[in-house]
Amino acid sequence: MRETSLCGFYVAVLLAGVLSQPLRAEEPHSPEVHKHTECVYKTGPVFTLSDAIQNALDYSPRLESAAADVEVAKGIEKQAGYLPNPEIGFEAANVVGSGDFGGADSAEFTYSLRQTVEIGGKRSARRRAAEAARGAAGTALMAERLNIKRDVRVAYYDALAKDEEVKLALEQEQLAKDVLDTVSEQVQAAAEPEIQLSKAEVAYATSVIARERKEHELRVAKGKLAKLLGASALHCSLDHAHFFELKAPSSVENYRANLARIPDMLRFSHIKMEKESLLDLERARAIPDPNFSFGVREFRVSDDQAFVFSVSLPIPVFDQNRGNVAKARAEVARTASNAQQVKLILEQQLTESWEQWSTYYSEAQRLRTELLPSAEKAFALARIEFAKGRFSYHEVLDAQRTLFDARSQYYDSLRRYHTARANVERLTTVTGEEQGR
């Protein structure tokens, strides 16, 4: 009996020491509690979410490519406004012939300037198409900025969530190790059957595997964030102050009202205008452009000169540009269909992301205000009952693991909440608001 009481005392000391710390997950905590190797709360300057977003925008090759597309469109727009170049012509007649035309004395030299005059609205249609293409490239650039901001937000909060999970896994591993040591002593003292030692060894090995998996997931999350920032690794502290903040979504109709004004949809309005202008251009190309020529003819025989004027006009007998007109008309129809399809896809994505935001907001709130306090209370009561000898230490450990599971679910809900919110705000940021997000 004395030996059993002594073992019970050891267990009580173990649980009082290892498990006596208050376990709270609803408030931000200091970086000092994160001391593991893969911790994202390193010493040094804090790298906020705003800093991360700005770094990604400054570095992103995706953004550089989209910006280059805008410059390409500007060049095309500039080129579209130019008139056709005039042509300088020279003609020598009555030279190197026979008889009286054997030399150059009877030659006639003509110096002319030839100009093609575009009619039918070709130039204006070309300019409208180029202007619309530049607008489409500009909205694509805005959309890419929003994509990068969304991606950084998701990666940033994912790294924070994974770090919380690693910290939790380390606590579980330490608990399993302490239990294993205690059970080992009890088995050696013949106070517990050997099967309990096997169970404790399995529990400890499982906790080690779980911790290693969580550390791997954290390394992957940090790597994703680093790549978005143009770095090979993170060498800074991340700001976790806002990780635990929750905001309820507004009505889905409020978000859906902005959908038609986001850059993704505005881009299609520019593309539609471009295709319609190209259709007008192809129709105008069916109308031949006249060529005007004005020049001076010099007669070597008499040293006289005379003005020469000519007009030529292609006859649209064989080529009336009908194929290109049909192609342009089909592209207009295809653009309208693509715009409708994209609208349906974005509406579906918005609905799904809003539902996820609402679900994980409610889930995280319930975990914070109901389940976590209940789990903490159950663990505290289990410790009290154990101290009175009414509970076994296994029951206390079960209460502790229940609390760990609730905390793990809470961190996962927060991560999913931030992801869903970032997706909704990406899909509802309208032109003019992008700079403020």
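1. Four strands make up an open sheet, ordered β2-β3-β5-β6, with antiparallel pairing. The edge strands, each pairing on one side only, are β2 (87–93) and β6 (304–312). From one strand to the next the twist averages 20°. Strands here are DSSP runs of E with at least two residues, helices are runs of H or I with at least four, and both are numbered from the N terminus. Two strands count as paired if DSSP finds at least two bridges between them.

2. This is a predicted model, in which local features need pLDDT of at least 70 and side-chain atom pairs count only at pLDDT 80 or more, while totals for chains, interfaces and linings use all residues. Residues are numbered from 1 along each chain as its sequence is written, and side-chain values use heavy atoms, with hydrogens and water left out.

3. E87 has R114 of β3 as its bridge partner.

4. β3 also pairs with β5 (residues 291–299), antiparallel and over nine bridges. Here the bridge partner of F109 is E298 in β5.

5. The pairing of β5 with β6 is antiparallel and runs over nine bridges.

6. Turning to the helices, the axes of α3 (residues 61–80) and α4 (residues 122–188) come within 8 Å and cross at roughly 170°. α3 is therefore roughly antiparallel to α4. Axes are lines fitted to C-alpha atoms, for helices over the stretch in contact, and angles run from 0 to 180 degrees between N-to-C directions. Angles under 35 degrees count as roughly parallel, over 145 as roughly antiparallel, 65 to 115 as roughly perpendicular, and the rest as oblique.

7. The residues of the α3 contact with α4 comprise twelve nonpolar, two polar and twelve charged. Nonpolar covers Ala, Val, Leu, Ile, Met, Phe, Trp, Tyr, Cys and Pro; charged covers Asp, Glu, Lys and Arg; the others, Gly among them, are polar.

8. R211 lies in helix α5 (residues 194–228). R211 is buried, at a relative accessible area of 15% (buried means under 20%, exposed over 50%, partly exposed in between, with a 1.4 Å probe and protein chains only). Leaving aside neighbours within four places in sequence, R211 is in contact (heavy atoms within 4.5 Å) with A169, L170 and E173.
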